[in-house]
Amino acid sequence: MSEPSSLDPNAPENCSDEKLLILGKLSRGIAHDLKNLLAGVQGNTELALREFKNEKLARKALTNVMLAARSAHELTEQISAYSRHDNIPHKVLDLRETIASVERLLEGFVSPSVNLRISVPDSPACVVANPSQMQQLIMNLCQNALQAIGSKEGELCVTLGIDDTGANITLEVSDTGPGISAEILPRIFDPYFTTKELGLGTGLGLAVAQKIVQDSGGDIQAASIVGKRTTFSITLPHSDEAPEPEAPLPTPEDFPEDKKAILLVDDEPIMRGLGMDILHTLGYRVSVAENGSEALEMIKRHPDYFDVILSDSKMPEMSGPELAEQLYSIRPGLPFILVTAFNDASTEARLKELGVTEIVQKPFLIENLSRALSNALAQGKQSAS
Ligand SMILES: Nc1ncnc2c1ncn2[C@@H]1O[C@H](COP(=O)(O)OP(=O)(O)OP(=O)(O)O)[C@@H](O)[C@H]1O
Ligand SMILES: [Mg+2]
């Protein structure tokens, strides 16, 4: 995010805009740091869970830590989604698939007294958007609906369609909870507006939902008949293009048979320790460097030893991307995985140009890191042959 200046067309027009910009920058920084800390909590817990296969109480406690870390991660996502000014990656996606993934996520916490009705068209309903943001949008609306219904009996409907002109995809999320009074309705999209008790809601859910829809060129409206039904209606421009195919899952041949050597670069001792433990569990040989120059030194000394570099992005003196760039002149084609708490399309394209093979978002599940490693190694093999 660039500093506002008088030449900047997006420069704030008045003091309160400037305050908002500063607040956005601040929240984004806090969310970034929290993501780093959560990566430590989540990763260590996941490792411990693997060890305590038979100890019931330990597993239960650790599962609760995982759940808490996941909720905290969701909160950092909301904060960064709301304060984000840069463009996160958009692609063509079929919203039927997003709804299917939300349905899987909801499975765990829709009570039996709620009738979940999902209706999607037979043909693809494609839009250009960011996949995880679309999931976040639908989840936020469904969570509100479920919270509104509470422990009573009720109905939550998610209906996807294409309007008569074919120009727009329509998405409706409605519930038979108590509804929203006419007094409150105009304020529900305001950031931090909540009627929930302290600790139960931050009031960011709908502000984020609205921002996500607007960022994809769409519109969101709410209507409510108190005591009957509340409906959130979204329209998004329909894309005629076919969705991009998902990257193929790595096959067993992509996994290391003999132990592959990884150079782990991270300035934070907790993350280095965690990274080592995870990589050992996954069956890799691990060497560590505390910063970019140490990593470069090690690679210069043993130019053919390492099969893949796994580096943190934000480090003092030399950042992960700078390391990737310098490495390119020593060992072009050496797979390079960058671990980052940011998610930004323009940076992603630039990183690929610099020679970054895979990007892993923090905090990550061991499965995601493992997949990135096998993908990077498979690509390294291709470029070597
Ligand atoms: N389906 C719904 N039925 C009734 N009230 C709703 C519904 N959806 C939203 N609201 C009202 O809008 C307010 C703002 O919703 P929003 O999702 O932004 O924040 P929240 O749910 O209170 O907190 P958060 O989503 O951050 O946990 C809610 O507190 C609630 O009063
Ligand atoms: Mg909410």
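Predicted model: local features only at pLDDT ≥ 70, side-chain atom pairs only at ≥ 80, totals over all residues.
Residues are numbered from 1 along each chain as its sequence is written, and chains are lettered from A and ligands numbered from 1 in the order in which they are written. Local features need pLDDT of at least 70, side-chain atom pairs count only at pLDDT 80 or more, totals for chains, interfaces and linings use all residues, and side-chain values use heavy atoms, with hydrogens and water left out.

Around ligand 1 there are 19 residues, the closest being Asn144, Thr194, Thr195, Lys196 and Thr202, where a residue counts as near if one of its heavy atoms lies within 4 Å. A polar side-chain atom of Asn144 is 2.7 Å from an oxygen atom of ligand 1, one of Thr195 is 2.5 Å from an oxygen atom of the ligand, and a backbone N or O atom of Gly205 lies 3.3 Å from an oxygen atom of the ligand. The protein covers 90% of the 600 Å² of accessible area that ligand 1 has on its own, an area computed by the Shrake-Rupley method with a 1.4 Å probe. The elements that give two or more residues to this shell are α4 (131-149) and α5 (205-215), and the largest share, four residues, comes from α4; helices here are DSSP runs (H or I, at least four residues) and strands likewise (E, at least two), numbered from the N terminus.

Ile30 is found in helix α1 (residues 15-51).

The backbone has further points to inspect. Most residues other than glycine have a negative phi, and most peptide bonds are trans. The peptide bond from Lys362 to Pro363, however, is cis, with omega near -10 degrees, and Pro363 is placed in the loop between β12 (358-361) and α10 (366-384). Phi of Tyr192 is near 70 degrees, a positive value, and Tyr192 lies in the loop between β5 (168-175) and α5. Glu317, in the loop between β10 (308-312) and α8 (320-330), has a phi near 65 degrees, likewise positive.

Conventions:
Polar contact = N/O pair within 3.5 Å; in protein donor to acceptor, adjacent residues only side chain to side chain.
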